[in-house]
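Here is a walk through a two-chain model, one piece at a time. Keep the structure open beside the text as you read.

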Amino acid sequence: MEAPGLISEYVERLAGELDFDPSLSRRMRREVEDHLREAVAAGPVGGPEAERRAIENFGDARAIAAQFAIGSLAKRARRVGVAAVLMVAAVFIAMKARLVWYGVMECPAVPRMEALGEIVALIDRYSLWSSFFVGIASWLYIDRLRVPAVFTAEYRVRLQRFVFLCSVATAALIASVISDGVLTSFRLAGTGWSVEFLIPVLSMVIEIACAGMLVSHIRGMAQRTAATGHWSAISGRSR
Amino acid sequence: MLKGHLDMIVLAALSAGPAHGYAVIEEIKRRSGGAFDLPEGTIYPVLHRLEQAGLLAGRWVTADSGRRRRVYALTRRGDRALGEQRAVWERFSDAVGSLFRGNRPWKRPA
C-alpha cells in the first residue's frame with residue numbers, strides 16, 4: 001500500500017511547485033507519474049524501495065520546478081511585449097474613432113481653449129508615438145532574447161532592461177491618455193450633456209483600461225522576475 | 001558543462017525516433033555509456049522548452065500499461081538545429097583536440 005503513495009506524494013509536490021502555470025502542472029503530473037512508474041517497472045525489484053530510488057534518480061521537485069519557472073517567465077515576458085504593442089495600438093484606434101466622431105457630429109473645440117489645446121495635442125502626439133516606438137523596441141528585444149537553461153544574473157539584467165523599456169512605453173502611453181482626457185474635456189466643456197458624449201467617454205474609458213492593463217502586466221512581470229530569481233537561487237543552493 | 005549542452009543532447013537522443021521522457025533519458029545513458037547520468041527530471045524542462053521553440057512536437061498516446069504518456073519527435077526545424085549544433089560541436093572538439101595534441105615545449109628566444 002505504501003508503494004503507490006510515494007510516487008503520488010512526489011507527483012503532488014511537484015504539481016504544487018508548478019502552480020504558477022496550472023496547465024503545465026496538470027501535464028507534468030501525468031508525465032512524471034508515467035515516468036516514475038515505468039522506472040519502477042524497469043527495475044529488478046518493485047516495492048517502496050524501488051519507488052524511493054526512482055524518485056531519488058528523478059531529482060528534487062523544487063529544482064525541477066525552478067527550471068520550468070524560467071521558461072514560464074520567458075513566455076510571460078513575450079506576452080507582455082505583445083501586450084505593450086497591442087495596447088498602444090488600441091489607444092490609437094480609440095483616439096482616432098473619437099476624432100472621426102467629432103467630425104461626424106460637427107463638434108467644435110471650445111474657442112477659448114484652442115491655444116492650450118494645441119500644446120496638449122502636441123504632447124499627446126509625441127507621447128503616443130514614443131510609446132509606440134518604445135513598445136515595438138521592447139517587443140523586438142524580448143522576442144529575440146535567448147532563454148537560458150538556468151536563471152543567470154545576465155538573464156535577470158536583460159529582463160530588467162525589458163521591464164524598463166516597457167515602463168517607458170507605458171509612461172508615455174499614460175501621458176498620451178491624460179492628454180486625450182484633457183482634450184476631450186475641452187471639447188465637451190460648456191456644452192450640455194447629451195447622448196453624443198457616449199462615444200468620446202467610452203473611447204476614454206477604453207484608453208484608461210488599456211493603460212491600466214499594461215501597468216498591471218508590467219508590475220506582474222517585474223514581481224515574477226524577482227520571485228523567479230529568488231527561487232532559482234534557493235533551489236540552486238539546496239541542490 | 002553538461003547543462004549548457006542539454007538541448008543538443010536531447011535532440012541527438014531523439015534523432016533515433018520519437019520517444020517519451022523516460023525513453024529519452026535511457027537513450028542518453030545508453031549512448032553515452034552511462035557518462036551522462038543526470039537527475040532524470042532535468043529532461044522535462046528541456047523537452048518542454050524545445051517543444052515551445054518548435055524543435056520538437058509532442059503528442060499524447062496510450063501506453064501498453066494503459067497510462068497516457070507524451071511522446072516527442074524531432075520537427076524539421078529540430079532536425080536542422082541538431083545538424084547545426086553538431087557541426088559547431090565537431091569544430092570545437094577538433095580545435096580542443098588539436099590544442100591537446102600540440103603539446104611541444106615553447107621555443108625559448110635566444
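**A helix to start with**

Helix H5 of chain A covers residues 114–143, and its 30 residues should span 44 Å at 1.5 Å a residue, which agrees with the 43 Å between its end C-alpha atoms. The expected span here is 1.5 Å times one less than the number of residues. Helices (H or I, at least four residues) and strands (E, at least two) are DSSP runs, numbered from the N terminus.

Some ground rules before going on. This is a predicted model, in which local features need pLDDT of at least 70 and side-chain atom pairs count only at pLDDT 80 or more, while totals for chains, interfaces and linings use all residues. Residues are numbered from 1 along each chain as its sequence is written, with chains lettered from A and ligands numbered from 1 in the order in which they are written. The model scores ipTM 0.83 and pTM 0.70.

Back to H5(A): which of its residues are buried? They are A:Asp124, A:Ser127, A:Leu128, A:Ser131, A:Phe132, A:Val134, A:Gly135, A:Ser138, A:Trp139 and A:Ile142. A residue is called buried if 20 or more other C-beta atoms lie within 10 Å of its own, exposed if 12 or fewer, and partly exposed in between, with C-beta atoms placed from the backbone. As a reminder about helices, an α-helix has 3.6 residues a turn, so residues three or four places apart point the same way. The buried residues of H5(A) pack against helix H4 (61–105) and helix H6 (153–188) of chain A.

Staying in chain A, pick out A:Ile218 in helix H7 (residues 198–238). A:Ile218 is buried, because 22 other C-beta atoms sit within 10 Å. Setting aside neighbours within four places in sequence, A:Ile218 is in contact (C-beta atoms, placed from the backbone, within 7 Å) with A:Val80, A:Val163, A:Cys166, A:Ser167 and A:Thr170. A:Thr170 is 48 residues away from A:Ile218 in sequence, yet their C-alpha atoms are 8.9 Å apart.

Now for chain B, which has four helices and three strands in the pattern α-β-α-α-β-β-α. Its average pLDDT (the predictor's confidence in each residue, from 0 to 100) is 88, and 89% of the residues score at least 70. Of the 110 residues in chain B, 28% are buried.

The three strands of chain B make an open antiparallel sheet, ordered S1-S3-S2. Strands S1 (19–20) and S2 (56–62) of chain B are at the edges with a single partner strand each, so one side of each has no neighbour in the sheet. Strands count as paired if DSSP finds at least two bridges between them; S1(B) and S3(B) have two, in the antiparallel sense. B:Ala19 has B:Tyr72 as its bridge partner in S3(B).

At the other end of the chain's helix numbering, H4 of chain B (residues 76–101) has 26 residues and reaches 37 Å from first C-alpha to last, close to the 38 Å expected. How many of those 26 residues are buried? The number is two, so H4(B) lies largely in the open.

Finally, the two chains meet through 17 residues from chain B and 18 residues from chain A. On the chain B side, helix H2 (21–31), helix H3 (43–52) and strand S3 (68–74) each supply at least two residues, and H3(B) gives the largest share, five residues.
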